Amino acid sequence: MHTEAEKNSAVISSDRVEGTAVFDRGGKNIGHVDHVLIEKRGGQATEAVLSVGGFLGMGDEKHCVPWSKLDYDTNLGGYHLNIDEDALREGPRFTSEERHKAYDDNFRSGVHKYYETAQVA
């Protein structure tokens, strides 16, 4: 249960972000936040890894998107990503077994190039 302070705060606990639904530009649920990457020294969120497809956590793809591309939508109760599912699926991705890719500087650079954003760390 959330307190009023939590509900009205400009910050959110990481455990509340993981599992939050992600919707495409048309409002279609396309997955959920699997985890968030945070720069070690500055503490700024840099990317979100989204879980897309699969069933009960099996067969899903992980899609890395710049954190700046996600916008929390109170009406949807989740994060809004201003692209459609096809564009997300064409972007940088990896399997659950390739989780290490999210930490590779070249991979992360490719994420920011694909989404046309500046890499934070």
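The backbone oxygen of V17 sits 2.9 Å from a polar atom of the T20 side chain, and the backbone oxygen of R16 lies 2.8 Å from a polar atom of that side chain. That is a handy place to start looking around this structure, which is a predicted model.

So where is T20? You'll find it in the loop that runs between α2 (14-17) and β1 (21-23). T20 counts as buried because its relative accessibility is 12%, and the cut-off for buried is under 20%. If you skip residues up to four places away in sequence, T20 touches G31, H32, V33, Y72, G77, G78 and Y79. Take G78 from that list: T20 and G78 are 58 residues apart along the chain, yet their C-alpha atoms are separated by 5.7 Å.

Next, hop over to D60, in the loop between β3 and β4. Is D60 buried or exposed? With a relative accessibility of 9%, D60 counts as buried. Its side chain makes polar contacts with the side chain of S51, at 2.5 Å, and with the side chain of K62, at 2.7 Å. Setting aside neighbours within four places in sequence, D60 is in contact with S51, V52, G53, G54 and S96.

D34 belongs to strand β2. This residue is partly exposed, as its relative accessible area is 22%. The side chain of D34 makes a polar contact with the side chain of H35, at 2.6 Å. Apart from neighbours within four places in sequence, D34 is in contact with E18, V49, L50, S51, K62 and R99. S51 and K62 are on that list, and they turned up above as well: the D60 side chain makes a polar contact with the side chain of S51 and with that of K62. As for A21, it is 13 residues away from D34 in sequence, and the two C-alpha atoms are 9.7 Å apart.

| Side chain | Partner side chain | Distance |
|---|---|---|
| D60 | S51 | 2.5 Å |
| D60 | K62 | 2.7 Å |
| D34 | H35 | 2.6 Å |

Now for the strands. β4 covers residues 61-66 and is mostly covered, with five of its six residues buried. Which way do β3 and β4 run relative to each other, parallel or antiparallel? They run antiparallel, and six bridges join them. One example is E47, whose bridge partner in β4 is P66. β4 also pairs with strand β7 (residues 93-95): three bridges join these two, again in an antiparallel arrangement. Here H63 has R93 as its bridge partner in β7.

Finally, take a look at the second largest pocket. How big is its volume? The pocket comes to about 220 Å³. It is lined by 11 residues, and those closest to its centre are L37, I38, E39, Y103 and R108. The elements that give two or more residues to this lining are β2 (29-38), β3 (45-52) and α4 (105-115).

Notes. Residues numbered from 1 in each chain as written. Predicted model: local features only at pLDDT ≥ 70, side-chain atom pairs only at ≥ 80, totals over all residues. Heavy atoms only, no water. 1 Å grid on protein atoms, 1.4 Å probe; cavity = no way out; pocket = protein on both sides within 12 Å on 5 of 7 lines; lining within 4 Å. Points joined across faces, edges and corners; volume = space filled by probe spheres on them. Helix = DSSP H or I, 4+ residues; strand = E, 2+ residues; numbered from the N terminus. Buried < 20%, exposed > 50% of the residue type's maximum accessible area, 1.4 Å probe, protein only. Pairing = 2+ DSSP bridges. Contact = heavy atoms within 4.5 Å. Polar contact = N/O pair within 3.5 Å; in protein donor to acceptor, adjacent residues only side chain to side chain.
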